[in-house]
Amino acid sequence: MFARFYTLFTLVVLSIFSNPLAAQIELKLQLIGELKWGVYAKPVGVTPSSSTITGSGQVTVVMPAGYAWKNPESISGLWTTVGGIVDSPSENPSKKYVPFGLVQAEPNYPIVYKAGEETLLFTFEGDGTCPGEMYLIDCGTPNQSDPFCPPNSQASNPGNDLSVIDFEPTVQYYNYSDNYAPHAWDCKDNDGDGYANGLEDTNGNGEYDPEDVSDLNDINSLPVEDGLILKLQLIEENKWGVCQTA
């Protein structure tokens, strides 16, 4: 508890005497296995050093009302969901709001940020069914779009936050700014090939679409010339194979 207080105090004091950069940290909700999701953080427009402290953090996941989830696991930072969950608020009765709060980061549960790379913060699992929709809340300005953003009927404060101090080469302050890849959570299988949409975003635009390689698994759609036809095939989570086709 003392370590967390010291971290927060350091952030407050140093941020008063430092100028925020035009650099930000974005968040993503990503399907990483069968009905298992992870929340990732990625620096945008900044190159963090190895001397950062994350003083506060919150991530609010929005899922269908009544949806059961389980097995939260902290990966970078120590995260908890004690209290604050709101199911079927009057502003958005078809949704459930689950806030994950950062209890502690450095020194015992460090969060390491690298320019242009994703850092997995925590994971959780679904209840055995694919939800119709799941996403990270958007309560930012000017893009505040969720009907449950404060003020609301539950006097709740849902939202996303990451506040980071970087001590090298000079004191700099980074914070959460936006969500990216909004469809990466998707556990449905639109093309019926046995792989979820969220695992088939090969062109990197955050969603499954006809330009993704998975849509080319039908070799009849490819031009045929003399020689072998090869394809790169996702065969299980994080495992690919190169296959020869007829």
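The S-S torsion of Cys 139 and Cys 149 is about -100 degrees, so this disulfide is left-handed. Both partners sit in the loop between strand 9 and strand 10 (161-166), ten residues apart. The model is a predicted one, and a search of the whole structure finds two disulfides. Counted along the chain, the bonded cysteines follow the pattern 1-4, 2-3.

**Cys 139 and Cys 149**
- The sulfur atoms of Cys 139 and Cys 149 are 2.1 Å apart.
- Cys 149 has a relative accessible area of 4%, and because buried means under 20%, Cys 149 counts as buried.

**Cys 130 and Cys 187: geometry**
- Cys 130 and Cys 187 form a disulfide with their sulfur atoms 2.0 Å apart.
- The torsion about the S-S bond of Cys 130 and Cys 187 is about 95 degrees, so the disulfide is right-handed.

**Cys 130 and Cys 187: position in the chain**
- Cys 130 belongs to the loop between strand 8 (119-126) and strand 9 (135-136).
- Cys 187 belongs to the loop between strand 11 (172-179) and strand 12 (229-236).
- The pair therefore ties together parts that are 57 residues apart in sequence.

**Cys 130 and Cys 187: accessibility**
- Cys 130 has a relative accessibility of 33% and so counts as partly exposed.
- Cys 187 is buried, with a relative accessible area of 15%.

Terms used: Residues are numbered from 1 along each chain as its sequence is written. This is a predicted model: local features need pLDDT of at least 70, side-chain atom pairs count only at pLDDT 80 or more; totals for chains, interfaces and linings use all residues. Side-chain values use heavy atoms; hydrogens and water are left out. A disulfide is a pair of cysteine sulfur atoms within 2.5 Å. Helices (H or I, at least four residues) and strands (E, at least two) are DSSP runs, numbered from the N terminus. Buried means under 20% relative accessible area, exposed over 50%, partly exposed in between (1.4 Å probe, protein chains only).
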